[in-house]
Amino acid sequence: MTEITIEQVEKAIDVASDTVIRNEIYFSDLDGLAGDGDFGTSLATGFKVIKADLPTLDKSAIGAMLLKISMLCSKHVGGSSGPIWGTGFMKAGMASKDKTSVSLEELAAMVNAAVEGIMARGGAKLGDKTLLDALIPIAEKMKELAPAGDAAAVLKAVTEVADKAIDETRNLVAHRGRASQVGERSANTPDPGIVGVATILYDWCKHYGVDYTPTAAELNR
Ligand SMILES: [Mg+2]
């Protein structure tokens with residue numbers, strides 16, 4: 001059975017922080033196509049603090065570490081992203097509580113809890129052209145594949161789900177979030193949150209040596 005340790009969770013968050021920081025301008029440019037252009041900077045501002053604080057955060061358990069990260073998101077990630085990402089880390093932390101390692105099935109349950117929390121917090125649902133259009137099918141795919149215990153296969157599959165979500169939602173009109181205020185102008189633009197999730201997953205593939213060839217233009221830059 002595959003066990004993911006707290007050290008591995010910490011490393012994954014560090015790699016994701018690098019992704020967010022490196023794409024600050026790109027993610028804001030994407031947000032600017034239909035929204036207010038703050039997404040990249042909002043996220044990067046928070047993840048710069050998370051990356052800096054990560055080595056000294058409470059490592060007594062995965063849940064404890066994720067709850068600290070949740071608080072940093074709420075405090076330092078700006079705009080509407082702060083409460084959304086903060087809620088995700090909080091729910092994942094509550095689902096992993098005092099564990100110092102988790103199975104893939106437990107990780108799938110953590111992601112599912114995060115997704116349900118974000119849905120409740122933001123009031124968005126599938127098809128509203130938010131990051132949930134990536135996260136909901138990701139949670140379902142993890143639940144489906146986790147019992148087989150192949151972490152690389154799970155990562156590849158969820159990256160494909162997020163990659164496809166970019167193009168599947170490109171022509172939708174946003175119903176939630178700032179992009180909804182411009183209505184039709186949000187059609188034909190990718191959702192920056194979905195691109196953000198997909199970019200983090202694709203960078204994890206590269207980091208862990210999982211071979212994946214993306215289809216969306218936003219991942220082939
Ligand atoms: Mg924005």
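Me: Against which elements do the buried residues of H1 pack?

Reply: The model is predicted, and the answer is read from contacts in it. The buried residues of H1 pack against E1, helix H2 (24-34), helix H3 (39-53), helix H4 (62-76), H5 and H9.

Me: Which residues of H1 are buried?

Reply: A general point comes first. An α-helix has 3.6 residues a turn, so residues three or four places apart point the same way. In this structure, the buried residues of H1 are Ile6, Val9, Ala12, Ile13, Asp14, Val15, Ala16, Ser17, Thr19 and Val20.

Me: Is threonine 19 buried or exposed, and which residues is it in contact with?

Reply: Threonine 19 lies in helix H1. Its relative accessible area is 1%, and because the cut-off for burial is under 20%, threonine 19 counts as buried. Leaving aside neighbours within four places in sequence, threonine 19 is in contact with Thr199, Ile200 and Asp203.

Me: What covers the buried residues of H6, and what do the buried residues of H7 pack against?

Reply: The buried residues of H6 are Leu104, Ala108, Met110, Ala114, Val115, Gly117 and Ile118. Their cover includes E1, H4, H5, strand E2 (101-103), H7 and H8. In H7, the buried set consists of Leu132, Asp133, Ala134, Leu135, Ile136, Ile138, Ala139 and Met142. These residues of H7 pack against H6, H8 and H9.

Me: Where is lysine 129 found, and what is its phi?

Reply: Backbone angles are read residue by residue. Lysine 129 is found in the loop between H6 and H7. Its phi is near 60°, a positive value in a residue other than glycine. Lysine 129 also counts as buried, at 3% relative accessibility. Glycine 123, which follows H6, has a positive phi as well, near 70°.

Me: How many residues line the largest pocket, and which lie nearest its centre?

Reply: A pocket may be described by its volume, its lining and the elements that supply that lining. Here the largest pocket holds about 1100 Å³ of space. Its lining comprises 37 residues, with Ala12, Leu107, Val111, Leu201 and Trp204 nearest the centre. By class, the lining has 33 nonpolar residues, three polar and one charged. Elements that each supply at least two lining residues include strand E1 (3-5), helix H5 (81-96), helix H8 (151-169) and helix H9 (192-207). H6 gives the largest share, seven residues.

Me: How accessible are aspartate 31 and aspartate 36?

Reply: Aspartate 31 counts as buried, at 9% relative accessibility, whereas aspartate 36 is partly exposed, with a relative accessible area of 36%.

Note on methods. Residues are numbered from 1 along each chain as its sequence is written. This is a predicted model: local features need pLDDT of at least 70, side-chain atom pairs count only at pLDDT 80 or more; totals for chains, interfaces and linings use all residues. Side-chain values use heavy atoms; hydrogens and water are left out. On a 1 Å grid over the protein atoms alone, a cavity is a set of points where a 1.4 Å probe fits but cannot get out, and a pocket is an open set with protein on both sides within 12 Å along at least five of seven lines; lining residues have an atom within 4 Å of a point. Grid points are joined across faces, edges and corners, and a volume is the space filled by probe spheres set on the points. Helices (H or I, at least four residues) and strands (E, at least two) are DSSP runs, numbered from the N terminus. Ala, Val, Leu, Ile, Met, Phe, Trp, Tyr, Cys and Pro count as nonpolar, Asp, Glu, Lys and Arg as charged, and the others, Gly among them, as polar. Buried means under 20% relative accessible area, exposed over 50%, partly exposed in between (1.4 Å probe, protein chains only). Contact means heavy atoms within 4.5 Å.
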